Amino acid sequence: MIRPFDARFPQLAARLPRRELASLPTALEPAPRLAAALGLPALLVKRDDLSGQPYGGNKVRKLEYLLGDALERGCDTVLTFGAAGSNHALATAIHARQLGLDCHAILSEQVQTPWVADTLRWHLQLGTRLTPAAGYPQMLAAAADIRARHPGGPGRVYEITWGGSSPLGTIGFVAAGFEIAAQLAARGVPGPVRIYMACGTMGSVAGLVLGLYLAGSDARVVAVPILPPERVSAAAIAALCAAASEALQERDASVPACSGLQSRFELRSGFLGAGYAQATPEGIEAMHLAGELAGLKLETTYTAKALACLFADARSGCLDGAVPVFWQTLNSQPKPPGLDAVDTSRLPPGLHRYL
Ligand SMILES: Cc1ncc(COP(=O)(O)O)c(C=O)c1O
C-alpha cells in the first residue's frame, strides 16, 4: 500500500533513499479499560511496538531511510552510538544484519536496568562488534579508529548518529505524522488530539511535529524528555524540525516551508526523575497499569515516563476535552530463542557488569 507521505510527495519519495523494513501503518487502537481507569472517554495507543520484524519500536521508521542511504552509498558496515542498553543500537544491528550489513556499536555507561543484559546478549547473538567507551570524546575517538581500520576503507562505514536522529532519519517520523493524521481523520476523532511521546535524541518528536504540520493536522505533540535539559530542549527540537524540512526541500522544492512549529509541541520536563534510565514511581505505576489494563509492555527508561505524563494530565483534568494518544515506541516483538545460552565471554570486559 502506498504510504500517505509518499502519496502526497511522490517526487520526493522517489528521491529519498529508503529500504522497506517496517510493517506500516502501525495500528492506532483504543485502550478502553485504561481510559476508564483514568476517567477518560477515550485513549488511543499508536502501536509502534509492532512496527517491524523481528524487532519493532520507533527506530525502525528512521532506519528505513538511514540503512537505505547506507546501501545507496555502497557501504558494507554501519557504525552507531548509544548507551549500553540502547534500543537504537540494537534495532540498528538487527535491521542492518537483515540487509547484509555489518554493525559496530559504541556504547557508553548507563544506570543498570532489567533490560540491559538481554540487549547485550542479543548483540552477541547477532555478532555486533561492541566497543565500550566512557564518554563522548572517547566514543568519537573509537568511531574514528574503527573507520580508519576498516578493511574496505573508511568510506564503506556508514555512521548513524545517536538515536538515528539526523535530518534524514527524522524523515521517518515525518512520514509517521502523515500516517497518524490519516488514521485520526479516518476514525473521525472529534476535536483536539494530544500525542504523548518519550523524547531522547528528539528525532521522533521533531519528525512527528513536522509531519503533522505538513499533513495539515492540528494534533499537538507532548514530548516527555528522558534526558536532562542540556540534552533535550524546545530550541533543539525546533532546529531538528528545520533541518529535516531543509532535507526535504533540497530534494523537492514543492515541499512547503515550515513556520511556527514551536507552538505545535510542548516539552514536559517533570517526568525525568533522577536522570536517564532512572525509574520513577509514577512511571512504574503507569507501566503496571498499562500492562494490566491494555496489555502493553513498557519499560521504565522511556515509555513509562511518557505514559506517566499522560496519566498526570488526565488526573489533573488538563486534557480539557482533548483525546490523548500514547505513542508506544518500545519494541514488543519477543526476544529470539537461545539468548540465555549465548557465550558471554565474548563480551568486552567493560560491559560485563551489566550481565
Ligand atoms: C523505546 C524508546 N522510546 C523513545 C525513544 C526516543 O526517541 P528519540 O531518540 O527519537 O527521541 C527511544 C530512543 O532511544 C526509545 O528507545
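**Ligand shell, domains and helix packing**

Colleague: Which element gives the largest share of the shell around the ligand?

Modeller: The largest share comes from α9, which contributes 3 residues to that shell. Helices (H or I, at least four residues) and strands (E, at least two) are DSSP runs, numbered from the N terminus.

Colleague: Before we go on, what sort of model is this, and which residues does it count?

Modeller: This is a predicted model, in which local features need pLDDT of at least 70 and side-chain atom pairs count only at pLDDT 80 or more, whereas totals for chains, interfaces and linings use all residues. Residues are numbered from 1 along each chain as its sequence is written.

Colleague: Back to the ligand, then: which residues come nearest?

Modeller: Of the 18 residues around the ligand, the nearest are Asn87, Gly163, Thr201, Ser204 and Thr329, where a residue is near a molecule or strand if its C-beta atom, placed from the backbone, lies within 6 Å of it. At least two residues of the shell are supplied by each of α5 (87-98), β7 (193-199) and α9 (203-214).

Colleague: And how many of the shell residues are nonpolar, polar or charged?

Modeller: The shell has 12 polar residues, 6 nonpolar and no charged. Here Ala, Val, Leu, Ile, Met, Phe, Trp, Tyr, Cys and Pro count as nonpolar, Asp, Glu, Lys and Arg as charged, and the others, Gly among them, as polar.

Colleague: Which domains does the shell draw on?

Modeller: At least three shell residues come from each of domain 1 (4-58 + 166-327) and domain 2 (59-163), with bounds that come from an automatic or database domain assignment.

Colleague: How far apart are the C-alpha centres of those two domains, and how many residues does each put into the contact?

Modeller: The C-alpha centres of domain 1 and domain 2 lie 24 Å apart. Their contact takes 31 residues from domain 1 and 25 residues from domain 2, and two residues are in contact if their C-beta atoms, placed from the backbone, lie within 7 Å. On the side of domain 1 that touches domain 2, the largest share, 7 residues, is from helix α8 (residues 167-187). That side of domain 1 divides into 13 nonpolar, 14 polar and 4 charged residues.

Colleague: Let's return to α9. How does its axis cross that of α10?

Modeller: The axes of α9 and helix α10 (residues 234-251) come within 9 Å and cross at roughly 60°. Axes are lines fitted to C-alpha atoms, for helices over the stretch in contact, and angles run from 0 to 180 degrees between N-to-C directions. The two helices are therefore oblique to each other, given that angles under 35 degrees count as roughly parallel, over 145 as roughly antiparallel, 65 to 115 as roughly perpendicular and the rest as oblique. The crossing of α9 and α10 is right-handed; a crossing is left-handed if the near helix is turned anticlockwise from the far one by less than a right angle, and right-handed if clockwise.

Colleague: Which residues of α9 and α10 meet there?

Modeller: In α9 they are Gly203, Val205, Ala206, Gly207, Val209 and Leu210, which meet Ile237, Leu240, Cys241, Ala244 and Ser245 in α10. By class, this contact has 8 nonpolar, 3 polar and no charged residues.

Colleague: What about α5 and α6, left-handed or right-handed?

Modeller: The axes of α5 and helix α6 (residues 116-126) come within 10 Å and cross at roughly 20°, so α5 is roughly parallel to α6. The crossing of α5 with α6 is left-handed. Leu90, Ala93, Ile94 and Arg97 of α5 meet Thr119, Trp122, His123 and Leu126 of α6, a contact with 5 nonpolar, 2 polar and 1 charged residues.

Colleague: Switching to the backbone, where are the cis peptide bonds you list?

Modeller: The bond from Leu24 to Pro25 is cis, with omega near 0°, and Pro25 sits in the loop between α2 (10-15) and β1 (28-30). The bond from Gln53 to Pro54 is also cis, with omega near -5°, and Pro54 is in the loop between β2 (44-46) and α4 (59-72).

Colleague: And what is the phi of Met202?

Modeller: Met202 is not a glycine, yet has a positive phi of about 80°, and Met202 lies in the loop between β7 and α9. Most residues other than glycine have a negative phi, and most peptide bonds are trans.
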